[in-house]
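Me: I would like to learn how to read a protein model step by step, beginning with a single helix and ending with the whole chain. Could you take me through it slowly?

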Amino acid sequence: MRRSSPLRLAAAAIVAAGSLSLAQPASATRTAAPDDRQAAFTEAAKAYGVPESVLLGVSYLESRWDANAGKPSNSAGYGPMHLTDAAGFTGGNHHAEGTEDARGDDGRPLPAPQAAPAPAEIPASLRTLEKAADLTGASREELRGDPAANIRGGAALLADYQKTLGAPLSDDPGEWYGAVARYSGAEEAEAAKFFADEVYATIESGAQRVTDDGQKVELRARPGLRKMDRWLEKLGLRRPQRGEAECPPTVSCEWIPAPYQELPGDDYGNHDKSNRPVNQKVDYIVIHDMEGYFDPSVRLVQDPARPASWHYSVRSVDGHIAQHVKTKDVAWQAGNWYVNAKSIGIEHEGFLAEGAFWYTEAMYRSSARLVRYLALRHGVPLDRAHILGHDNVPGTIASTVRGMHEDPGPFWDWAHYFQLLGHPLHGTGGPRTESVMILPDYERNQPYYYGCDRKNPDAGCAPHGSASVWLRTEPREDAPLVKDVGKHPTGDSLYSVYDHSARAVTGQRYAVADRQGDWTAIWYLGQKAWFHNPASQPTAVPSKGLVVTPKPGLASVPVYGRAYPEEAAYPEGVPYQTISPLQYTFAAGQRYTVGLAAVGEYYRAVTFDTSNHQVIRGKQKYYQIQFGHRVMFVKAEDVVVSAT
């Protein structure tokens with residue numbers, strides 16, 4: 001995300017989420033739901049005349065059949081059928097999860113942000129639960145919390161959509177293409193088609209999995225289906241123009257440009273023109289969440305006076321994409337100018353924690369297709385050293401570390417995302433390999449967090465799958481969390497969902513510091529950090545690769561938040577950007593994994609007139625390392641590189 005509380009989006013509605021108070025930090029244990037999820041699909045399909053394969057396919061694209069403990073998605077959807085219930089809630093700002101300057105450039109400090117845009121009317125796509133209640137007679141509470149009732153509600157909606165289209169209640173799944181497209185809630189024909197095509201691709205290939213509450217569900221493959229897409233035309237949906245949008249043809253995408261505009265007082269907004277990859281290589285794709293809804297976010301990025309922008313927005317309910325900044329240009333999105341100048345930023349509708357826990361399958365799939373397309377165009381490797389969360393971007397200098405953002409947070413399913421990218425995360429090497437990749441089972445890994453309920457911020461979050469593991473000072477469950485002197489200069493790390501000070505996340509690689517029984521220690525922010533890693537339920541896998549350690553004779557080496565050139569590289573008239581170390585200690589004997597090598601680079605762009613923009617490159621070589629939850633940089637001459 002972009003900035004803190006003053007720039008938070010005024011959401012069209014706030015999703016209300018309850019919370020479960022836990023007496024102490026402890027791993028939650030899953031229990032199977034009392035109903036049989038497979039039978040619930042069978043019974044609902046029969047009751048409403050919907051082919052079971054269609055009902056299963058739609059639910060898979062919405063929730064992957066999960067119940068999510070009755071908690072809402074990031075677009076106000078509940079249960080396996082993602083029945084949306086944003087109606088009745090008021091708009092407002094959300095928790096501040098950072099105070100960063102989105103541009104992150106000392107060379108051009110930005111003015112204070114303006115107020116967030118006014119809330120918009122709640123769209124029909126966020127109010128399907130009340131319609132399901134009318135059709136089934138079930139209460140809203142039942143439809144939110146009872147998976148079987150929720151599935152019946154979804155079946156009733158599909159049948160109602162089919163009747164409204166004048167289509168037959170046929171046993172042939174292909175006849176339901178229009179109703180499936182309508183179920184997406186999309187306002188654009190292309191988005192509805194994307195959703196329906198993904199549902200039918202799932203039906204054709206089949207799927208099976210164990211849900212978050214222990215239910216085994218299977219959709220048997222139905223190859224060779226005929227999709228009756230003639231029904232799509234009867235929906236009368238909008239046909240937006242792609243225009244200049246840079247998207248793969250297999251997703252719904254439109255061009256809604258962010259303005260590059262001169263403002264009073266020699267100011268301008270809200271991004272910088274460039275010519276990437278000709279003048280600079282794109283090394284990163286940064287994954288954000290909006291901390292708000294799609295429509296207000298799109299309005300926000302269209303305001304030239306707002307000191308924030310990003311390249312793409314992805315809608316939760318159907319995966320629709322809007323592009324705002326050309327990928328050749330630099331958006332103000334990551335809070336670190338070095339990363340901004342070398343990255344593409346993608347915002348996803350939703351919230352890190354407040355009122356929501358989970359992201360829809362439609363959004364994951366659409367986003368993954370976009371990232372795969374961008375990575376291929378720009379030569380970005382599909383690994384966690386290059387596909388970063390906003391929470392993995394480092395502070396630029398010591399004073400900015402504390403305010404950096406935490407999204408997309410611990411509930412973003414990185415393992416599933418990389419499966420969809422076609423590059424599933426996996427281990428390499430044997431059990432004694434001296435580096436590991438964090439890779440917990442998302443559904444079974446349910447660590448304690450608090451802070452998911454803004455009305456009761458000290459209450460524990462309801463147990464939920466997570467991509468993160470807690471890091472402790474000793475190999476025992478009751479040991480304190482490791483400290484982050486940048487995030488908490490004088491205090492302890494927190495179990496807050498907004499505090500990643502003592503968390504490692506899926507896909508990150510760390511050098512092993514020690515092992516003891518079911519516990520593994522990694523080097524993390526200059527200290528040993530222990531996490532539970534039992535053979536029966538491992539949370540990390542061996543991962544061979546390069547590591548760095550301080551050169552012999554050096555007691556410690558500095559770490560940096562950006563890889564800027566040495567002073568001699570700057571031409572006359574261009575102020576030197578100080579290479580200032582962060583507040584951490586990388587001491588002799590410690591090791592950290594290498595993500596990439598880089599040569600110092602600074603993009604000087606502080607005026608509206610692009611003729612004054614220039615790229616300064618030096619000779620200083622850096623290595624990007626996984627130093628903590630965030631990546632950081634070390635100078636090549638300070639370290640020795642070796643393989644694990």
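Me: Which are the buried residues of α7?

Reply: Before the answer, a word on what we are looking at: this is a predicted model, in which local features need pLDDT of at least 70 and side-chain atom pairs count only at pLDDT 80 or more, while totals for chains, interfaces and linings use all residues. Residues are numbered from 1 along each chain as its sequence is written, and side-chain values use heavy atoms, with hydrogens and water left out. A residue is called buried under 20% relative accessible area, exposed over 50% and partly exposed in between, with a 1.4 Å probe and protein chains only. In α7 the buried residues are A189, A191, A192, F194, F195, A196, D197, E198, V199, Y200, T202 and I203. Because 12 of the 17 residues of α7 are buried, this helix is largely enclosed by the rest of the structure.

Me: What covers the buried residues of α7?

Reply: Here we need contact, which means heavy atoms within 4.5 Å. The cover includes α2 (52-63), α6 (177-183), β3 (207-210), β4 (216-219), α8 (230-233) and α11 (361-378). These labels come from DSSP runs, numbered from the N terminus: helices are H or I with at least four residues, and strands are E with at least two.

Me: What span should helix α7 have, and how far apart are its end C-alpha atoms?

Reply: The expected span of a helix is 1.5 Å times one less than its number of residues. For the 17 residues of α7 (residues 189-205) that gives 24 Å, and the end C-alpha atoms are 24 Å apart, which agrees. Just after α7, G206 takes a positive phi of about 80 degrees.

Me: How should I read a strand, and on which faces of β9 do its buried residues lie?

Reply: In a regular strand the side chains alternate between the two faces of the sheet. In β9, Y284, V286 and H288 lie on one side and I285, I287 and D289 on the other, and all are buried, so that both faces are covered. Since six of the six residues of β9 (residues 284-289) are buried, the strand is largely enclosed by the rest of the structure.

Me: Which strands does β9 pair with, and in which sense, parallel or antiparallel?

Reply: Strands of a sheet pair through backbone hydrogen bonds, either parallel or antiparallel. Two strands count as paired if DSSP finds at least two bridges between them. With strand β13 (residues 343-348), β9 pairs in the parallel sense over six bridges, and D289 has H348 as its bridge partner there. Three bridges join β9 to strand β14 (residues 387-389), also in a parallel run, with L388 as the bridge partner of V286.

Me: In what order do the strands of this open sheet stand?

Reply: Six strands stand in the order β5-β11-β10-β13-β9-β14, and their pairing is mixed. The edge strands are β5 (253-255) and β14, each of which pairs on one side only. Within the sheet, strand β10 (residues 312-314) and β13 are parallel over three bridges, and Y312 stands opposite I346.

Me: Where are the edges of the sheet of five strands?

Reply: This open sheet has the order β20-β19-β18-β15-β21, with antiparallel pairing. At its edges stand β20 (527-532) and β21 (540-542), each with a single partner strand, so one side of each is left without a neighbour in the sheet. Inside it, strand β15 (residues 435-438) pairs with strand β18 (residues 509-516) over three bridges, and the bridge partner of M437 is R509.

Me: Is R37 buried or exposed?

Reply: R37, found in helix α1 (residues 37-48), counts as buried because its relative accessibility is 0%. Leaving aside neighbours within four places in sequence, its contacts include W65, D66, P147 and V217.

Me: How many residues of the whole protein reach a pLDDT of at least 70, as a percentage?

Reply: pLDDT is the predictor's confidence in each residue, from 0 to 100. The protein averages 90, and 90% of the residues score at least 70. Over residues 1-34, however, the pLDDT is below 50, although this stretch has 147 contacts in the model beyond near neighbours in sequence. Where pLDDT is low, the predicted coordinates should not be read in detail.
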